[in-house]
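Here are my notes on the model you sent. Please read them with the structure open beside you.

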Amino acid sequence: MSIDQNTAAKVAKLARIKVEEEALPELAAEFNTILEFIEQLNEVDVEGVEPMTSVTPQRLKRRQDVVNDGNQQDKVLVNAPDSREGFFAVPKVVE
Amino acid sequence: MSDLNKLGLAEARDALRKGETSSVELTQACLGAIDKADALNAFVHKTPEIALERAAAADARLKQGEAPAMCGLPVGIKDLFCTKGVASQAASKILDGFVPEYESTVSQQLADNGAVMLGKLNMDEFAMGSSNETSTYGNAVSPWRRGNDDTPLTPGGSSGGSAAAVAADLCLAATGTDTGGSIRQPAAFTGTVGIKPTYGRCSRWGVVAFASSLDQAGPMTKSVRDAAIMLEAMSGHDPKDSTSADLAVPNFEAMLTGDIRGKKIGIPKEYHMDGMPAEIEKLWSEGTAMLKAAGAEIVDISLPHTKYALPAYYVIAPAEASSNLARYDGVRYGNRALLEAGDGITEMYEKTRAAGFGDEVKRRVMVGTYVLSAGFYDAYYNRARRVRSLIKQDFENVFAAGIDAILTPATPSAAFGLGEMSDADPVAMYLLDVFTVTVNLAGLPGIALPAGLDSQGLPLGLQLIGRPWEEGDLLNTAYALEQSTGFVAKPGEWW
């Protein structure tokens, strides 16, 4: 599987990382180096092997379904690049 | 007492108990050493006021008696741990200015035990790197040099600042985190001890997430005994991390008897890599002989899927990273890129992430995005998770056959010069983790300890891998090996 510039651009878009047009060939080449390395995995017979979901077998704990936190609006917003009137502020989302 | 910063945790603890020194004196010695060591770029956010305040509180607590083992001992905290009121930015530009309103469970436990935080330590950006060269703070520099050659060397990564600080006696010990070798590889490069415990032993809450199924915190120290003391303080169940294990934490230090008679030590044939330096092979066989001389039984073993650990890791870790790092979007915390008139929210995301992430982080996020994308999920991600199951099975098979611990080299080479790998392709850097990454994939405990010097005078480390949840037994085997190697070398102070 080889990645061309169009695929590289598509991946950058999916990852929401702006990549300039002129940087795409190098990015595609790097992807291909890494993918070539990864493709060694195709040598392994994985027939009938379950994909690992949890490295230590354990049941996830459940907690009581009750409110145990909250009323921290100031603390939640204190690190926001832009907050107004108790909300996170972002550029216009809807036309 | 002089040179208090050069003490280890156990020695300093005992000196405090005997009233030979105070936490304030220990802390001042470390703060003095830190201020003289800016050339190492290990401490990137210094917190002397917090340190002296906690030291005074620790001294008061010690006077009352019954203080925990870590009480009054000055340590450094890797920048990946969120620390309340103190900048915590995972060495990334995208978190410039981020000051958490909360404290990670591990650093809170250390504080509750009375440990004194000296400041935050350099690392690779989001813990992605093996040389501490991807940090927004610039490179951390190893205190070690090749003889009289003044080429700056890497302290390893990603916990490079932690390793440099401990090796240079800027602190008594430090926290690290390990996703593919980020505690053990820098420990090996700097002649220090580092243990990655079993997955789930330490809470991940408040530790900036890289690859959640692999990340574990652990101590980086000057001796195996110190590692036992600090690991105990860092460990334990945390309701805020659903993957943290609800298991009792043993007194690891009490398990250090040095008696390993009858223990079965496995030597995996797959770890004899083509092109591995003869010095590493020699170190490994010497370590094997030492364990045998200490009464252990040496057994040749096979871990047949070893070769596929790194490729599996470089699917799974980027996949998890692409998901974890989606939160850095310029909305809730950190930096937002300057926008132009007419830019909407998508441009804001794309520009913020392009400006805030470094090249290696971008590369891994995009590789992760690719392997998770429609049409490739099965071919890459699910296949890698299947291979991961096989890698874990390899270990389960040898443990079922009675193996107590596995001895391997910690790294395929000694530390290299900063910048020496910059022209290599990304995969060449990834290969540095070849001996450590299997342990993360299988969720096992692994410890690196110094075992000798190479011909250029640089430290080389060995790794011991243990059974899940048996860190105490693993530490004891490491303790026996430490006594046999008698490693005491320290870097000459040039900084």
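**Backbone, packing and interface**

1. A:Arg16 sits in the loop that links H1 and H2 of chain A. Keep in mind that this is a predicted model. The phi of A:Arg16 is positive, about 55 degrees, although the residue is not a glycine. Most residues other than glycine have a negative phi. Is A:Arg16 buried or exposed? The cut-off for buried is 20 or more other C-beta atoms within 10 Å. A:Arg16 has 22, so it is buried.

2. B:Asn132 lies in the loop between E3 and H5 of chain B. It has 35 C-beta neighbours inside 10 Å and therefore counts as buried.

3. Look next at a peptide bond. Most peptide bonds are trans. The one from B:Gly157 to B:Ser158 is cis, and its omega is near 5 degrees. B:Ser158 belongs to the loop between strand E3 (116-121) and helix H5 (160-167) of chain B.

4. Now the overall form of chain B. Its secondary structure consists of 15 helices and 11 strands. The C-alpha trace spans about 70 × 55 × 50 Å along its principal axes. For 495 residues, a compact globule would have a radius of gyration near 23 Å; chain B has 21 Å, so the two agree. Of the 495 residues in chain B, 62% are buried. Take the contacts in chain B between residues at least 6 apart in sequence: 77% of them join residues at least 24 apart.

5. One helix pair in chain B deserves a close look. Helix H7 (residues 224-234) packs on helix H15 (residues 471-485) at an angle of about 160 degrees, and their axes are 9 Å apart. An angle over 145 degrees counts as roughly antiparallel. H7(B) and H15(B) are therefore roughly antiparallel to each other. The crossing is left-handed. On the H7(B) side, the residues are B:Val224, B:Arg225, B:Ala227, B:Ala228 and B:Leu231. They meet B:Glu471, B:Leu475, B:Ala478, B:Tyr479 and B:Glu482 in H15(B). By class, this contact has seven nonpolar, no polar and three charged residues.

6. Last, the interface. How many residues of chain A are in contact with chain B? There are 38, and they touch 58 residues of chain B. Helix H1 (5-14) and helix H2 (24-38) of chain A each supply at least two residues of the side that touches chain B. H2(A) gives the most, with six residues. By class, this side of chain A has 24 nonpolar, five polar and nine charged residues.

Conventions:
Residues numbered from 1 in each chain as written. Chains lettered and ligands numbered in written order. Predicted model: local features only at pLDDT ≥ 70, side-chain atom pairs only at ≥ 80, totals over all residues. Helix = DSSP H or I, 4+ residues; strand = E, 2+ residues; numbered from the N terminus. Rg over C-alpha atoms; globule rule 2.2 N^0.38 Å. Buried ≥ 20, exposed ≤ 12 C-beta atoms within 10 Å, placed from the backbone. Contact = placed C-beta atoms within 7 Å. Axes fitted to C-alpha atoms, helices over the stretch in contact; angles between N-to-C directions. Parallel < 35°, antiparallel > 145°, perpendicular 65-115°, else oblique. Left-handed = near helix turned anticlockwise from the far one by under 90°. Nonpolar A, V, L, I, M, F, W, Y, C, P; charged D, E, K, R; others polar.
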